[in-house]
Amino acid sequence: MKLFIDTANTDEIRAAATLGLLDGVTTNPSLLAKEIARRGGGEQEAIFKEICELVPGPVSAEVTATDYEGMVRQGREVAAIASNVVVKCPLTEDGLRATRTLSGEGIGVNATLVFQPIQALLAAKAGAAYVSPFVGRLDDISTTGMATVQEIVEIFSNYAFSTEVIVASVRNPIHVVDAARMGADIATIPYGVIMQLVKHPLTDIGLARFVADAAKYTS
Ligand code: E4P
């Protein structure tokens, strides 16, 4: 399973990249607004460019237009920033049309704001390279987000779609474990949760004991 980081914060991306496990990045307008505020200003194009230079894998940059023409125009613009840009289009009627057009031009599209399996199927049929079911937001409304992922993985394997499933809106390590058990292609994970993946209290306790015992026979 590939691991992406879900952030536009370039310090977090740099820090996560040092682990050597980062396969890609996803951003969205909320994450970008947060990063611009953190920097005290800045242009989205420059930030996308910087992220694309930090991580060679796919970097999802979302369109902000909601109409077909606007999404296609913005999609072409962001795709021109770097060869690893993937255009994020929302799963709406216009978004599906834009997905079809951009994919037809060879531009990778990540269908975002996916909340049910049938939306994922439509995105795959429209040629999306990725679909992003938002599991945390489904959990927030008392629906099991990972059950949606399970159904999407099953549907895609029935028809051998090449569209990859990105488990998004990840809130905890259990989402990541479940994603791997279900055979999802990718989990996109906030920085804080990536750090949680590494940690186990028994690892820390065990290491402290080994270090103490090693001190008994090393100088
Ligand atoms: C996905 O690509 C989105 O950026 C993201 O996972 C949304 O997560 P949230 O529900 O925590 O905002």
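**Figure 1. Leucine 113 sits in strand β5.** Strand β5 covers residues 109-114. The model shown here is predicted. Leucine 113 has a relative accessibility of 32%, so it counts as partly exposed; this class lies between buried, under 20%, and exposed, over 50%.

**Figure 2. Leucine 113 and its contacts.** Leaving aside residues up to four places away in sequence, leucine 113 touches Pro90, Leu91, Gln119, Ser132, Phe134 and Arg137. Alanine 168 is 55 residues from leucine 113 along the chain, and the C-alpha atoms of these two residues are 9.1 Å apart.

**Figure 3. The largest pocket has a volume of about 490 Å³.** This pocket is lined by 24 residues, and those closest to its centre are Asp6, Asn28, Ser30, Leu31 and Arg137. Two or more lining residues come from each of α2 (29-39) and β5. Helix α2 gives the largest share of the lining, six residues. Sorted by class, the lining of the largest pocket holds nine nonpolar, six polar and nine charged residues.

**Figure 4. The second largest pocket holds about 160 Å³ of space.** The residues that line the second largest pocket are Glu43, Gln44, Glu45, Phe48, Glu62, Val63, Thr64, Gln74, Glu77, Val78 and Ile81. The elements α3 (44-54) and α4 (68-79) each give two or more residues to this lining. By class, the lining of the second largest pocket has four nonpolar, three polar and four charged residues.

Terms used:
Residues numbered from 1 in each chain as written. Predicted model: local features only at pLDDT ≥ 70, side-chain atom pairs only at ≥ 80, totals over all residues. Heavy atoms only, no water. Helix = DSSP H or I, 4+ residues; strand = E, 2+ residues; numbered from the N terminus. Buried < 20%, exposed > 50% of the residue type's maximum accessible area, 1.4 Å probe, protein only. Contact = heavy atoms within 4.5 Å. 1 Å grid on protein atoms, 1.4 Å probe; cavity = no way out; pocket = protein on both sides within 12 Å on 5 of 7 lines; lining within 4 Å. Points joined across faces, edges and corners; volume = space filled by probe spheres on them. Nonpolar A, V, L, I, M, F, W, Y, C, P; charged D, E, K, R; others polar.
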